[in-house]
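Trainee: Before I use any of the words that describe this structure, I would like to know what each of them rests on. Could we go through them one at a time?

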Amino acid sequence: MNAPAEIKLPEKIAGYKTFTLGEFTFSRDEYFVTVTWPAKGQRQSHTMSADAFLRAIMRDVAWGFFYGLVNFDAVFGTRNLYGKVELFAGRYNEAIHGAGLSYVETFESPKAMAKFKEILSDWVNAGFDPFAAPAETGNTVFGEKNGSNLEAIERFRVATKRMPGLEGDSPLRDDSNGFAVNRAFADVSQEEPEIKAERGFEKELHAFNLFKYLSRSDVTWNPSVTSVCRQSLFCPTTEEYILPIIHGNDRVEWFVQLSDEITWEVSDRETGRPRARLTMKAGDVAAMPADIRHQGFAKKRSMLLVWENATPDLPKRYERGDLKPWPVDF
Amino acid sequence: MTTYHTEFGSLKQYAKGTMEIINDNPKYYVYSNVFEVASNARPYEKIAVAKNLEYVIETIRAEGASPWMTCAHDEFCVLMDGEVEVEYVKLDKPEEVAPSGKDGTVQLKGEPKGKRMGTIRLKRGHQALLPKGAAYRFNAKTPSVLLQQTIKGDLTIEKWGEICMQ
């Protein structure tokens, strides 16, 4: 039996505020987050671990709703309409959608973003970093409300115009600006390339140690741009444990495994039906087609190069069928 | 405290991953390995291992000296294995070699005309800018592997059926 259409939520549970956005409600307790939405004249609800919910909403905020679908899990998530954003519950879950119990509501992106940031500010306890691996941040996410960690949640995706380290571009990472070598990459060489520039060309020749840069990443599953060739973006990242979202593509993206190993579970974007499972090792390259959703699993922190095509009209071209969802025919 | 070992690949030692297909066409994943591709390549062949419309990532086996090359847009390379020196010359007339709008790497005929800009010595994991309008050539004493971020051009080789898992 579903809950009645109108429900009155307490203002706070276990010290955590309760939020509404449109017809959605969001509440958390010591362990869980519950989302509710209207369906067939009643309220439908869904529960997630607070840990999983906060890691997912953190990526959605940091990535500006990213490309395509950000599935927090098999039920709830967001779809980027680039300027607007859809919040959905059950829309991409075959059973819930088939039963007529799914719900989608569209918001201006800044409005949804502001609400998501409010949720993060209130629900992230002191000591919990949604970007960190579980071994690094422990279980401070659980329990009654205990302070906050604004420093962790206010990190933004690094914006690089051409290449880090160039004059006027994003900075490189070093001890001096707070980026220590991660425990899992203590054996990665920190030696920089040897640059011998002739007089007058000091600012035109440029190189840096990408593996050193990645070894000093203080976050997991959070790509940042390191080279820009028109709309082609190299977005390497370091990965440990589980990708906190199930990313539903609205374009083809590519993975180049730079070190170690990641397993990808790939399913159909619309229904969630499993399609493939890839275990990528160092040097492997694979495409993620435009009509899938995927989630990665890394048993040891690894370096992954995510390659994106930021051409603005791509989602519409795929939707119209102008482009095939796979990148090459052979 | 756990001691971690970071596993990189190389021409001498790499292990390819696996693909378990549940309900799909394996070709859609265009799955290859850059070290395997470079193992079977001739020096300085530019073999596409990833393609997204006009954009490509090429794998290059660097061995000895490459021809001089240039480009009408920025390119980037990441050294995945070995050691490579990149030599740069600022072209006096870049438009004559790679006119604006020309996509991808362009090979020069003979030596570049312009001012010497300098050199960069790359080791594993190093990334270098190959700036628009500059000529560059690679030199590797031992077989090495480069990834190049560029746009599909006249020198790009596509042989997906040979390099991809099926």
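**What the terms rest on**

Mentor: Let us start with Tyr82(A), which is found in the loop between strand S9 (76-80) and strand S10 (84-89) of chain A; please keep in mind throughout that this is a predicted model.

Trainee: What makes Tyr82(A) count as partly exposed?

Mentor: A residue is buried with 20 or more other C-beta atoms within 10 Å of its own and exposed with 12 or fewer; Tyr82(A) has 13 C-beta neighbours inside 10 Å and therefore counts as partly exposed.

Trainee: And what is noted about the phi of Tyr82(A)?

Mentor: Phi of Tyr82(A) is near 60 degrees, a positive value in a residue other than glycine. Most residues other than glycine have a negative phi.

Trainee: Why are the buried residues of H3(A) said to be on the same side?

Mentor: The buried residues in H3(A) are Ala112(A), Phe116(A), Ile119(A), Leu120(A) and Trp123(A). Because they cover an arc of only 95 degrees around the axis, they are placed on the same side of H3(A). On the other side of H3(A), Pro110(A) and Ala114(A) are exposed.

Trainee: How do you know that the span of H3(A) is close to what is expected?

Mentor: Helix H3 (residues 109-123) of chain A has 15 residues and reaches 21 Å from its first C-alpha to its last, which is set against the 21 Å expected at 1.5 Å a residue.

Trainee: What makes strand S19 (residues 274-281) of chain A and strand S1 (residues 18-21) of chain B a pair?

Mentor: At least two bridges are required, and these two strands have four, in the antiparallel sense; Ala276(A), for its part, stands opposite Ile21(B) in S1(B).

Trainee: How many residues does each chain bring to the contact?

Mentor: Chain B brings 61 residues and chain A 60 residues. On the side of chain B that touches chain A, the largest share, seven residues, comes from strand S9 (residues 114-122) of chain B.

Conventions
Residues are numbered from 1 along each chain as its sequence is written. Chains are lettered from A and ligands numbered from 1 in the order in which they are written. This is a predicted model: local features need pLDDT of at least 70, side-chain atom pairs count only at pLDDT 80 or more; totals for chains, interfaces and linings use all residues. Two residues are in contact if their C-beta atoms, placed from the backbone, lie within 7 Å. The expected span of a helix is 1.5 Å times one less than its number of residues. The arc is that of the directions from the helix axis to the C-beta atoms.
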